Amino acid sequence: MKFIINGGKKLHGTIHVSGSKNAVLPILAATLLADRRCVIHNVPRIRDVEVMMQLMLSVGRTVRWDGEHTIIVSDGKPSLKKLDPKLMRSFRASALFAGPLLTQFRTVRISEPGGCALGNRPLDDHFHGFRRMGVTIARSRGMYTLSHRGLEAKTIVLIAPSVTATENIVMTATLTVGTTVLKNAACEPHVQDLCDFLNSMGAKISGGGTNTITIQGVKKLHGTTHTVIPDPVNAMTFVIMGLATKSTIVVDGIRPDHLDVGLETLLAAGARFDIHKDSITLKSTGVLKAMKIQTRPYPGIPTDVQSQFGVLATQAQGTTLIHETIFDGRFAYIQELVNMGADATVCDPHRALITGPTPLHGHEIQSLNLRAGITLVVAALVASGQTVIHDAQIIDRGYEDIDIRLRALGADIRREA
Ligand code: EPU
């Protein structure tokens, strides 16, 4: 599948941000902790959610859409019989099944998870946490066997504040007798949303959203109804898209407090916008100044918007330094920007320099991965002429109906098989 984009046009109107991908994926995994019905609202209609639902069906939980953005997980217990290694390998969030399944079974076999190629993505912190809780782990031919004779509550210190390791350990600890304390935990809004979801199921978690999370194990969790937080990465992507195309659009359905450092960075570069309770209105902005972008765990600028800042830097005056501190394989998009006319150099796996402003022109390019793909859509909207983005189905993993929603803003974008 490809997107064909004729760029160089200003966008108009309002774009609504859907629910957070990285919140709903662990929340769906967490429903396996209870055998009761859960109703989840504000779920984005994206490919990763569909795969997660297939994976849940493969462990015997009945899960279905109820209307446009609500998912219902029916009463029922998971079974390990059909846990599909091929599905597990298709995306990273499948690793989130490990924790909930360990609370239900003494032995769980999971495959090495897949996901976007962003460089080295180990599971050592997940396994370090599980080992502390009494789990033994054996690896053979791309499969991990996790076994235990009863989970133990412990104090666990993560070496990296990994998002999915934090989520896995928190989920496991909710049904582990005693008090688990997780230090150097990830503080991302989606971790907080998972903790809120679990507490609404009867878990006893305090400190979610801080770097020390305390979990008092309970015997059983019950069903619940929950509304997923808005997606902060989508929100920041659309704000940057408006600025890069010099469009005075409104980005709504958001939590501006989840975007603090990114928004402050844009203001310091000269961007003009009004921040409301749940929306941002972009105002007419001249040429932005170069920025210094350093990706950090929350509340810093997330690695998932690094490339979007990269395309904005091609339109800013001066040289922007991008310091990607989280992953070592997230600069492949820069070559595609260079093909479109950008003046950019990758210094090493963690640093790149982008000098602007440079006009961009249409080109034939590859999506590469989810966030690089949406970044290249933004670049194509800025560029003069026609851009063809191949492998664009990757973008459907995290952005709902992106072509339809951009057309509603006046963009000239179409999807072709
Ligand atoms: N790390 C370790 N050991 C581990 C796990 C991670 O050293 O056991 C390191 C990684 O190498 C990396 C850093 O910790 O340097 C952060 O990795 P993290 O584990 O936090 O990433 P993740 O949990 O695999 C989630 C998101 C990613 C997002 C990262 C960072 C989900 C499903 N995925 O991945 O989202 O980039 O956190 O915020 O929540 C995306 O949405 O496009 C995406 C890639």
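In what sense do strand E10 and E12 pair, and over how many bridges? The legends below, drawn from a predicted model, begin with that pairing.

**View 1. Strand E12 and its partners E10 and E11.** Strand E10 (residues 179–183) pairs with E12 in the antiparallel sense over 5 bridges. Within this pairing, Leu182 has Ile213 of E12 as its bridge partner. Strand E11 (residues 204–206) also runs antiparallel to E12, to which 3 bridges join it; here Ile205 has Ile215 as its bridge partner.

**View 2. The hairpin of E11 and E12.** There are 5 residues between the two strands of this hairpin. In the turn, Gly207 adopts a positive phi of about 90°.

**View 3. The open sheet E6-E8-E7.** This sheet consists of 3 strands in the order E6-E8-E7, with antiparallel pairing. Strand E6 (107–111) and strand E7 (136–140) are the edge strands; each has a single partner strand, so one side of each lacks a neighbour in the sheet. On average, neighbouring strands of the sheet are turned by 20° against each other, direction ignored. E7 is joined to strand E8 (residues 143–147) by 5 bridges, and the two run antiparallel. Ser140 stands opposite Met143 in E8.

View 4. The whole structure contains 0 disulfides. For Cys187, the closest cysteine sulfur is that of Cys195, at 10 Å, which is too far for a bond because a disulfide requires sulfur atoms within 2.5 Å. Cys187 is buried, its relative accessible area being 16%, while Cys347 is partly exposed at 39% relative accessibility.

View 5. The bond from Tyr298 to Pro299 is cis, with omega near 10°. Pro299 is located in the loop between strand E17 (292–294) and helix H10 (306–313). Gly356 and Pro357 are likewise joined by a cis peptide bond, with omega about -5°; Pro357 lies in the loop between strand E20 (351–356) and strand E21 (364–366).

View 6. Asn184, a residue other than glycine, has a positive phi near 55°. Asn184 occupies the loop between E10 and helix H7 (189–200) and is partly exposed, with a relative accessible area of 29%. Lys246, also not a glycine, has a positive phi of about 55°. The loop holding Lys246 runs between helix H8 (232–244) and strand E14 (250–252), and Lys246 is partly exposed at 40% relative accessible area.

Technical notes: Residues numbered from 1 in each chain as written. Predicted model: local features only at pLDDT ≥ 70, side-chain atom pairs only at ≥ 80, totals over all residues. Heavy atoms only, no water. Pairing = 2+ DSSP bridges. Helix = DSSP H or I, 4+ residues; strand = E, 2+ residues; numbered from the N terminus. Buried < 20%, exposed > 50% of the residue type's maximum accessible area, 1.4 Å probe, protein only. Axes fitted to C-alpha atoms, helices over the stretch in contact; angles between N-to-C directions.
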